[in-house]
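Open the model in your viewer and keep the sequence panel beside it. The tour starts with the chain as a whole and then moves to a single residue.

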Amino acid sequence: MKRLFKNISFLLAALLLAIPVSAQNQKKPVIGISCSIDGTTVEVGMTYVKSVRKAGGIPVVIPITTSEKEIDEYLDRIDGLVMTGGEDVSPLLFGQEPSRFLGEVVPDRDIYDLMLIRKAIKKGIPVFGICRGIQCLNIAMGGDMIQDIPSEVPGAIQHRQNAPRSYGSHTIEIVKGSLVAKLLGTEKIAVNSFHHQACGKVAPGYKVTAKAPDGIIEAIESADGKSFGVQFHPEGFVYSGNNTFLPLFKHLVSLASDYSANK
Ligand code: MN
């Protein structure tokens, strides 16, 4: 009896000792989220914050800065990066002059976004670009843009829907075997659409993994799969409780966990 008690005590002690180790192993990865700026206010949708949380990451908003040193300080502390939607990108950054239909440009954000992406990829930090984020990813790595779909793409469908963010307004064809196809488990799905710009020429080392019926690029991924982007807004669905596109965020969090474990 005494011996049994001793064995149980030993087991309990071993179990208690094991808890901090396993808790450490399960430490959630820190996911940096890019933002915009409105006057003196840092702006980022709670939709992105909630999606990262729901996928198991710790969301951290990275305030806009054009300081390389500050960007480096943030990149030393994050394990993954979500590049968010927003304003148009200056066409001078991809070798074009401005279209008459170019929208609002935020020069500091252009510098910040491209610097964040290039440095993150160089460090091996996984990057998930959404809307403006996929466009910045493409530009940062050497691609270019369609500045205004309605005036540049004859026969284009509507990419600026007049319906809630949680509503899929047009379909996309997903390339079989691609990351997006595997994560969503389908090769055709309806997505939401809130853009008048799109990726043009795709950056070297990247491939198109989804297109709208009019040929507009809706997803790209890098050869190593560590950076990927979508033109639609998965966070708009996740925020409203529809988890169809949550696997995209979960994948980033999983890549971020791997990065964190190996850094
Ligand atoms: Mn679209």
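What share of the contacts in the chain with a separation of 6 or more comes from residues 24 or more positions apart? Such pairs account for 70% of these contacts, where contact means heavy atoms within 4.5 Å.

This is a predicted model, in which local features need pLDDT of at least 70 and side-chain atom pairs count only at pLDDT 80 or more, while totals for chains, interfaces and linings use all residues. Residues are numbered from 1 along each chain as its sequence is written, and side-chain values use heavy atoms, with hydrogens and water left out.

The C-alpha trace spans about 85 × 40 × 35 Å along its principal axes. Of the 263 residues, 48% are buried (under 20% relative accessible area, with a 1.4 Å probe and protein chains only).

Next, select Gln231. Look for it in the loop between β13 (227-230) and α8 (234-239). Is Gln231 buried or exposed? Gln231 is buried, because its relative accessible area is 0%.

Finally, show the residues in contact with Gln231, leaving aside its neighbours within four places in sequence; among them are Cys131, Ile134, His195, Cys199 and Glu218.

Notes
Buried means under 20% relative accessible area, exposed over 50%, partly exposed in between (1.4 Å probe, protein chains only). Helices (H or I, at least four residues) and strands (E, at least two) are DSSP runs, numbered from the N terminus.
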